[in-house]
Amino acid sequence: MNIAGPRAEHIANLLGFFTGVTAVIYVAVTAALVWALLRKRGRAQDAPASTLAAADRRSRVVIGAAMALTVLVLIALGAADFFVQRYLFKPPENPLRVIVTGHQYWWEVEYDDPDPTQRVRTANEIHIPVGRPVQLDLTSRDVIHSFWVPAITGKKDLIPGYRNTEVLLADKPSLYTGQCAEFCGLQHAKMNLRVYAETPEQFEQWRQSQLQSARAPATDAERHGLTVFTRSSCVLCHSIQGTDAGATVGPDLTHLASRQTIAAGSLPNTPGNLASWITAPHEIKPGAQMPATALPPDDLAALTQYLVSLQ
Ligand code: CUA
């Protein structure tokens with residue numbers, strides 16, 4: 001397991017401690033049981049009364065010691081758990097705040113800021129700066145999902161009508177993959193998420209680019225693609241900042257081309273995959289809420305060209 005942050009490290013250490021202690025107890029109890037079954041026993045009625053009394057005393061001592069040891073082990077496990085929880089639940093200092101909303105079957109991501117012009121909206125791919133804690137506010141639009149990026153944090157449920165919190169903290173730049181960890185419907189397994197931990201400079205660069213409105217269409221094909229987008233069912237669910245598309249049912253597509261994957265990590269973000277996803281989403285994710293959109297080939301090609309221009 002590749003661990004890349006102090007939070008995940010605390011959780012892994014706790015798991016290792018519990019596993020080690022319980023493994024030793026399991027072996028000891030099994031050995032005691034085997035020893036008790038195999039040892040030679042004399043017949044009790046042949047033994048003198050003094051020997052029986054001595055054996056009785058020995059039994060009491062052994063049972064008493066085992067009980068005391070059990071209590072000590074439980075206290076040790078409880079204390080280890082308490083200190084790890086205390087660390088995990090301590091509110092982070094100067095966190096970046098990100099609101100993650102679960103949907104069947106994708107992740108809505110909004111970078112919170114007191115200044116509304118500084119809020120970034122994206123989906124399924126979360127960029128974070130290394131070394132700075134990221135406070136996640138987790139909720140859900142439909143059913144219970146669960147946020148889990150094991151290399152950098154523990155697991156936390158996203159519950160409709162309720163706000164849970166979790167903290168992400170990565171100490172080296174890398175891509176950390178995660179997965180919805182609560183069965184949420186047919187496409188639960190294709191509800192992946194990707195966390196890109198970057199240097200603070202790279203993160204700021206990414207944030208600034210995401211704050212821009214969508215790139216205006218530059219060619220005739222791209223202009224036609226935008227017209228197709230706003231005249232087809234796409235516009236009923238998706239937003240593209242700077243155009244008339246402002247719906248929030250599906251992912252914000254303002255910077256779609258800056259994302260590596262589509263359909264919550266199901267496919268690499270390529271023009272061919274985008275066209276397949278638009279025309280036949282249920283062949284890729286049966287049960288997904290995105291409706292199939294039939295388009296004439298020219299319109300589909302133009303729409304795809306427009307979408308891949310949205311850097
Ligand atoms: Cu969302 Cu499983």
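Thr279 lies in helix α6. Helices here are DSSP runs of H or I with at least four residues, strands are runs of E with at least two, and both are numbered from the N terminus. This is a predicted model, in which local features need pLDDT of at least 70, side-chain atom pairs count only at pLDDT 80 or more, and totals for chains, interfaces and linings use all residues. Residues are numbered from 1 along each chain as its sequence is written, and side-chain values use heavy atoms, with hydrogens and water left out.

Stay with Thr279. Its relative accessible area is 30%, so Thr279 is partly exposed. The scale is simple: buried is under 20% relative accessible area, exposed is over 50%, and partly exposed is in between, with a 1.4 Å probe and protein chains only. Leaving aside residues up to four places away in sequence, Thr279 touches Ala292, Thr293 and Leu300. Contact means heavy atoms within 4.5 Å. Arg231 is 48 residues from Thr279 along the chain, and their C-alpha atoms are separated by 15 Å.

Which helix does α6 cross at roughly 120°? Helix α6 (residues 271-279) crosses helix α8 (residues 297-308), and the axes come within 10 Å. That angle makes α6 oblique to α8. Angles under 35 degrees count as roughly parallel, over 145 as roughly antiparallel, 65 to 115 as roughly perpendicular, and the rest as oblique. From α6, the contact uses Pro271, Leu274, Ala275, Ile278 and Thr279. From α8, Leu300, Leu303, Thr304, Leu307 and Val308 take part. The axes are lines fitted to C-alpha atoms, for helices over the stretch in contact, and the angles run from 0 to 180 degrees between N-to-C directions. The crossing of α6 and α8 is right-handed. In a right-handed crossing the near helix is turned clockwise from the far one by less than a right angle, and in a left-handed one anticlockwise.

Helix α8 also meets helix α4 (residues 220-231). Their axes come within 7 Å and cross at roughly 105°. The two helices, α4 and α8, are therefore roughly perpendicular to each other. On the α4 side the contact includes Ala221, His224, Leu226 and Phe229. On the α8 side Asp298, Ala302, Leu303 and Tyr306 are among the partners.

Now turn to α1 and helix α2 (residues 49-89). They pack at an angle of about 170°, with their axes 10 Å apart. The pair α1 and α2 is therefore roughly antiparallel. Among the α1 residues in contact are Ile11, Leu14, Phe17, Phe18 and Val21. Those of α2 include Val73, Leu77, Ala80, Val84 and Leu88.

Ala28 sits in helix α1 (residues 6-38). At 45% relative accessibility, Ala28 is partly exposed. Its C-alpha atom is separated by 39 Å from that of Leu168, 140 residues apart along the chain. Arg60 belongs to helix α2. Arg60 is exposed, at a relative accessible area of 60%. Between the C-alpha atoms of Arg60 and Asp299 there are 85 Å, and the two are 239 residues apart along the chain.

Next, the aromatic rings. How many aromatic pairs does the structure hold? There are five aromatic pairs. Phe82 and Phe83 have ring centres 5.2 Å apart and planes at 75°, so this pair is edge-to-face. Rings of Phe, Tyr and Trp (its six-membered ring) pair if their centres lie within 6.5 Å; planes under 30 degrees apart count as stacked, over 60 as edge-to-face and the rest as tilted. Phe82 is partly exposed, at 48% relative accessibility. Elsewhere, ring pairs link Tyr111, Phe203 and Trp206 into a cluster. Trp148 has Lys155 over its face, at 4.4 Å from the ring centre. A charge sits over a ring if NZ of Lys or CZ of Arg is within 6 Å of the ring centre and within 35 degrees of the ring normal.

Which peptide bond is cis, with omega near 5°? The bond runs from Gln104 to Tyr105. Tyr105 is in the loop between β1 (96-103) and β2 (106-111). Ala263 is not a glycine, yet has a positive phi of about 55°. Ala263 is in the loop between β11 (261-262) and β12 (267-268). Its relative accessible area is 12%, so Ala263 is buried. Ala264 lies in the loop between β11 and β12, and has a positive phi of about 55°. Ala264 is buried, at a relative accessible area of 1%.
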